[in-house]
Amino acid sequence: MRRTLKELTPISIYSARFAFVCLIIVLAISLLGPCTKYAQLNQRRLRVGFAQIANEGPWRDTNTESIKTEARRRNVDLKFLESDNPALKGGEQQSGQKEALRSFIKERVDVIAFSPVVETGWDDVLNEAKEAGIPVILSDRGVSETDESLIATFIGSDFVEEGRRAGRWLVDEFEDTQGTVNVIEVEGTRDSAPAMQHRLRVVAWVLGNFNYDQAKAAMRAFLANNDHQPISAVFAHSDAMAFAAIAALEEAGFKPGTEIKVVSVDATDKGCNEIKKGRLNCAVECKPRLGPALFDAAQAAAKSMALPERIIISEGVYDKSNVDKCGNE
């Protein structure tokens, strides 16, 4: 039998109101479901897992410090892992990096970021992250996997353009030189993004693996076995390897910076100082301070916001003509 409002007791009126409120809450939750993750992130710290490459020198030091400092500034819960085994060279670090990524997946972090030591061989772990619903950001180095849905974005440098900038500087420097200009290239880790994309037309290569000691040993061996082929310039994929080449050249009796031109990629503080000293002629900038851009992207990715495929950092080229700006732009 239908009852009028006058016939309802205070208790029954309260029950009806409670039921109505509950219905509204249920409807609100169903409508706001897609925003639940966003709301949760606003109520707790963002959790980011970062897998770093083993220390290679000044650039990697600055890069690591930038990431850790920015995480502290934003109160991000950062899980930071890097190889601490000095015996692992170049691509030998890949299995350790993959273990780190899987540990982040197991911990259910909000975002994974890493600097891949080589370009290939990541499909399996990237698919695992995708299945777990965790976006992955590439920092500094890229991968060659074809499924773009596996990566939220890449943050770093245009390595191809860096190689072109180094090449253009050398062309301009030797514009009035008669005869052949022989360039020795000191390579980084083979199959890594920087090594693959910095390649120039040169007469000889030595492998430095982005490591000072290895680059110096390789350059020493080359100079000892060189068939008296005149060397016009050295192009190194990093400042650290350029410093190694400079040391090896000096030991062999050459004068780097004057007799043999030296060009590097990085433009670290020490690289800028070497330009001022005259031993390094040109440094193509590869900015290591990626922390702010990385966590901007991580916060957006955690909220399922759209990101560009590549976020390229603005960089310069420095020599004696503008060395005062080196490291300050």
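**Sheet, helices, cores**

Start at one end of the sheet: strand E10 (residues 282-285) and E12 run antiparallel, joined by 2 bridges. Ala-283 has Tyr-318 as its bridge partner in E12. Strands here are DSSP E runs of at least two residues, helices H or I runs of at least four, numbered from the N terminus. Two strands pair if DSSP finds at least two bridges between them.

A word on the source. This is a predicted model: local features need pLDDT of at least 70, side-chain atom pairs pLDDT 80 or more, while totals for chains, interfaces and linings use all residues. Numbering starts from 1 along each chain as its sequence is written, and side-chain values use heavy atoms, without hydrogens or water.

Next, the helix pair. The axes of H4 (residues 94-107) and H5 (residues 123-131) come within 10 Å and cross at roughly 10°. Axes are lines fitted to C-alpha atoms, for helices over the stretch in contact, with angles from 0 to 180 degrees between N-to-C directions.

Now the cores. A nonpolar core joins buried Ala, Val, Leu, Ile, Met, Phe, Trp, Tyr and Cys residues through side-chain atoms within 4.5 Å; buried means under 20% relative accessible area (1.4 Å probe, protein chains only). The largest has 30 residues, with Val-186, Met-219 and Val-234 making the most contacts inside it. H9 gives the most, 7 residues.

Notes: Buried < 20%, exposed > 50% of the residue type's maximum accessible area, 1.4 Å probe, protein only.
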